[in-house]
Number of protein chains: 2
Amino acid sequence: MTEPRWLDQRENRAWRGYRRMRGLLDLQLARDLAADSGLSEPDYDVLSTLSETEGHRLRMIDLAGWLLWSKSRLSHHITRMEQRGLVRREESPGDGRGAVVALTPAGLDAIVAAAPGHVESVRRHLIDHLTEDELETLAAITTRVVAHLTAHADT
Amino acid sequence: MTEPRWLDQRENRAWRGYRRMRGLLDLQLARDLAADSGLSEPDYDVLSTLSETEGHRLRMIDLAGWLLWSKSRLSHHITRMEQRGLVRREESPGDGRGAVVALTPAGLDAIVAAAPGHVESVRRHLIDHLTEDELETLAAITTRVVAHLTAHADT
DNA sequence: CCGCCGAGGTTGACGTGTCAACCAACGTCT
DNA sequence: AGACGTTGGTTGACACGTCAACCTCGGCGG
């Protein structure tokens, strides 16, 4: 039980900054999105993913994989979205276990209506405050960290 | 209703990277923390803040301000932590509306025991993957974005 | 063909956090 | 002193997400 390697000042500024930004930014984006479209961020993620696939439908497992969500989380969320008429569950052809999620017309309308405002919100609160170099650095950082996290999904 | 300024490729990489990292990183940190201390991240934030104050106590409003939490959120969370014996509510001297949160001995033990492991976890999953320049850039980005968000708390 | 394991999915209980409504004490203005 | 808006705090309903348990179907090996 040796003395832990506490964070030095530079590390602390980065870490605390991240935590603070994360809290405030996500809250603000969620509020903007909810206010002008009635969707939550998870709703938006599901709908935008489906809207980009051919046939506007995906198997649960594939959707979960793309979003990096657990099966459980996806199942719960799809249940809620289904009740609001945004998506529909269908049987999977050729696999009795299967379940496919399909975009409904209402779901498509919702994402089409929400997208411009959401992008605008992301710009206003984050992207437009960063320089090109900062964007590159942010992309590099996140890519590396994500790679590490998905590699050691266990540890 | 002009055409929205969609994100270009660079912006997209940064934005998607951020979203992905946020999801995976927070989940992993929360899991590590829960596994070796039984605390959640919000628990940790409350306890570590209190442990750094003189008297190990703070008014609700001040604690909420420091953590950037809503009054509601703090009240709910303190209720849960109080039931687990980590903190205690006290009356505020000189202000009948007041409420003060105080660390209990059990709460102090918990944060002291949890801190080394948590720092280690933060290093392993994030900090140790970044160069010094990247740490500086991350701190700069987050500071600027947080400043903007707290300034226009309304818009 | 049967037994069994793994893959795909659902469910329930619970902790967390949001918003909105509400309440009580404070301070100020007259 | 009395009226009244503000500040500090709580509560309830509900959305979200985790874990763990469970179920069913698919694919294999013997």
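Q: What is the distance between a sugar or linking oxygen of DNA strand D and an N or O atom in the side chain of B:Arg59?
A: The model is predicted. A pair of N or O atoms counts as a polar contact within 3.5 Å. The pair formed by the B:Arg59 side chain and a sugar or linking oxygen of DNA strand D lies at 3.1 Å.

Q: Which residue has a side-chain N or O atom 2.7 Å from a base nitrogen of DNA strand D?
A: On the phosphate side, a polar side-chain atom of B:Arg31 lies 2.8 Å from an oxygen of DNA strand D. The contact to a base nitrogen, at 2.7 Å, is made by the side chain of B:Lys71.

Q: Which helix gives the largest share of the surface near DNA strand D?
A: Helices that each supply at least two residues are H1, H3 (60-67) and H4 (71-83) of chain B, together with H4 (71-83) of chain A. The residues of this surface divide into 5 nonpolar, 10 polar and 9 charged. The largest share, 5 residues, comes from H4(A).

Q: How many residues does the largest nonpolar core have?
A: Helices H1, H5 and H6 of both chain A and chain B give two or more residues each to this core. A:Trp15, one of the residues with the most contacts inside it, is in contact with B:Leu29, B:Val122 and B:Leu126, among others. The core has 40 residues.

Conventions:
Residues are numbered from 1 along each chain as its sequence is written. Chains are lettered from A and ligands numbered from 1 in the order in which they are written. This is a predicted model: local features need pLDDT of at least 70, side-chain atom pairs count only at pLDDT 80 or more; totals for chains, interfaces and linings use all residues. Side-chain values use heavy atoms; hydrogens and water are left out. A nonpolar core is a set of buried Ala, Val, Leu, Ile, Met, Phe, Trp, Tyr and Cys residues joined through side-chain atoms within 4.5 Å. Buried means under 20% relative accessible area, exposed over 50%, partly exposed in between (1.4 Å probe, protein chains only). Helices (H or I, at least four residues) and strands (E, at least two) are DSSP runs, numbered from the N terminus. Contact means heavy atoms within 4.5 Å. A polar contact is a pair of N or O atoms within 3.5 Å; within protein, one must be able to donate a hydrogen and the other to accept it, and residues adjacent in sequence count only if both atoms are side-chain atoms. Ala, Val, Leu, Ile, Met, Phe, Trp, Tyr, Cys and Pro count as nonpolar, Asp, Glu, Lys and Arg as charged, and the others, Gly among them, as polar. Lists of a residue's contacts leave out its neighbours within four places in sequence.
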